[in-house]
Amino acid sequence: MIKIENIYKRFGDHEILKGPSLSVNDGEVVAIIGPSGSGKTTLLRCINFLERADKGKLTIDDASVDFEHATKKEINQMRKQTAMVFQSYNLFKNKTAIENIMEGLIYSKKLSRNEAFKTGEKLLQRVGLGEKADAYPKQLSGGQQQRVGIARALALNPSVILLDEPTSALDPELVGEVLNTIKEMAREGQTMIVVTHEMAFAREIASRVVFMEGGVIVEEGTPEEIFENNKKERTKEFLKRITYRN
Amino acid sequence: MQNSAFSIHFVVNSLVTLLHYVPITLLITALSICLGLVLGLFVTIGQLVPNRVLNGLSIGFIALMRGTPMLLLLLLIYYGLPLLLQSFAIDISGWNQVVFAILALSINISAYFSETMRSAYSAISADQYEAGLSVGMSNKRIISRIIVPQATAIALPNIGNSMISIIKHSSLVYAIGITDIYQQAQTVASSTFGMRQLEVFVAVALIYWMICILVERIIAVIEGRFSYLR
């Protein structure tokens, strides 16, 4: 279980997060939707401590931490409970596909090289890239890179995987393979928070959809509730714009 | 006298004589490059750490070194450093000229190395660092396993350029009385009363070309090993 309470984050004069709270149960897939600048990505980055939130509380399973006062050690411990899939994949450019997965296992999880290699092989198989173990990121397509990114996150066996617009940087014809991999993870009961602009995808895999705007959660509910029976005017407007665009 | 015609024979003769002085040139440049890399690394760190005093010192050092002609720096160090240290009761006047040459060359090249290293470091996007954090790696590991290898690949071509320029700069050490290829060439040339000056200089040029081409090839091979990054 992961719980975020009243999280605040400001960049200079700009308050990006204005105290939203969100709780995700084990096995749940929460999709966060909303316009650019609504704070979706910042929320994910704060959970992974890539940004330091100014205020608020984070609980993952039995461990809690106060964003304002978290020590380096606490941050490291919380970070180990989460894993991130980045919009632009962020694979280590000087490492092969399998080495990308092994780095975290060896240097954070303290596995032996051998164990890490075996886990890496297994996970590359799982995302359908068993043949590409020795390829460098530059030698892989965007979709393949993102699947390695997903395998790297899965390998850490985190309580929750945070996916930040995992298909936004992909060519349209490569989106499908990545979405399928994520759907597979959802079926297997992996807890996930996904920031996405793919509405059909959110609708299909999310157990809950959260609509964010202006640093707060405007509305949340099941996909049906948000996409068909939404109550808030802002949600309606946003979804209308999105539908026209598609 | 038919001596006025260009003599290939004399070029070859000079080449053989001068080749004996290649080791001293190579020794001076190799040690200068090694010391320059270490020094350059410290200057780079001085530029990157969040400390205004160190930042200022590093930037000042680079500006000063790049603004000092190599020959002048060599003379300043050879004549000035012993005097300076004497006032602290340290006597280095007995040191070999080669030591002063290496000091001067390495200080000069470290400024260029440092600029190259800093820009290579800046060229690595924050993504790579964040990816390391997100998989739970420590700062130290991210730097040693992810940032430094990538920055090295980016820095290589410019490091190579600086190496080549320091090889050529090493010809200036004759000014403080070291007999290297260039100094010996002067000697050989004057032993012909200037009649065979051109032949000797062609021989010197051939030697510098060979050394520089060799170094270029080595750098190119190393660069090739990083091709998967591009």
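**Figure 1. Polar contacts link chain B and chain A in this predicted model.** A polar contact here is a pair of N or O atoms within 3.5 Å, and within protein one must be able to donate a hydrogen and the other to accept it. With that in hand, eight residue pairs in polar contact turn up across the interface of chain B and chain A, both residues at pLDDT 80 or more. On the side of chain B that touches chain A, helix H6 (126-134) and helix H7 (139-169) each supply at least two residues. H6(B) gives the largest share, seven residues. By type, this side of chain B divides into eight nonpolar, five polar and five charged residues.

**Figure 2. A salt bridge joins Glu130(B) to Arg45(A).** Their side chains meet at 2.5 Å, N to O. Across the interface, two salt bridges are found by the rule.

**Figure 3. The interface buries about 2,100 Å² between chain B and chain A.** Carbon and sulfur atoms give 54% of that area. Look in chain B for Val135(B), Arg145(B) and Tyr228(B), which lose the most area to chain A and together make up 30% of what that side buries. In terms of contact, 18 residues of chain B touch 24 residues of chain A.

**Figure 4. Strand E8 (residues 160-164) of chain A is mostly covered.** Five of its five residues are buried. In a regular strand, side chains alternate between the two faces of the sheet. Here, Val160(A), Leu162(A) and Asp164(A) are buried on one side, and Ile161(A) and Leu163(A) on the other.

**Figure 5. E8(A) pairs with E7 (residues 82-85) and with E9 (residues 192-195) of chain A.** Four bridges join E7(A) to E8(A) in parallel, with Val85(A) partnering Leu163(A). Four bridges also join E8(A) to E9(A), again running parallel, and here Leu162(A) stands opposite Ile193(A).

Terms used
Residues numbered from 1 in each chain as written. Chains lettered and ligands numbered in written order. Predicted model: local features only at pLDDT ≥ 70, side-chain atom pairs only at ≥ 80, totals over all residues. Heavy atoms only, no water. Contact = heavy atoms within 4.5 Å. Buried area = accessible area lost by both parts, 1.4 Å probe. Salt bridge = Lys/Arg side-chain N within 4 Å of Asp/Glu carboxyl O. Polar contact = N/O pair within 3.5 Å; in protein donor to acceptor, adjacent residues only side chain to side chain. Nonpolar A, V, L, I, M, F, W, Y, C, P; charged D, E, K, R; others polar. Buried < 20%, exposed > 50% of the residue type's maximum accessible area, 1.4 Å probe, protein only. Pairing = 2+ DSSP bridges.
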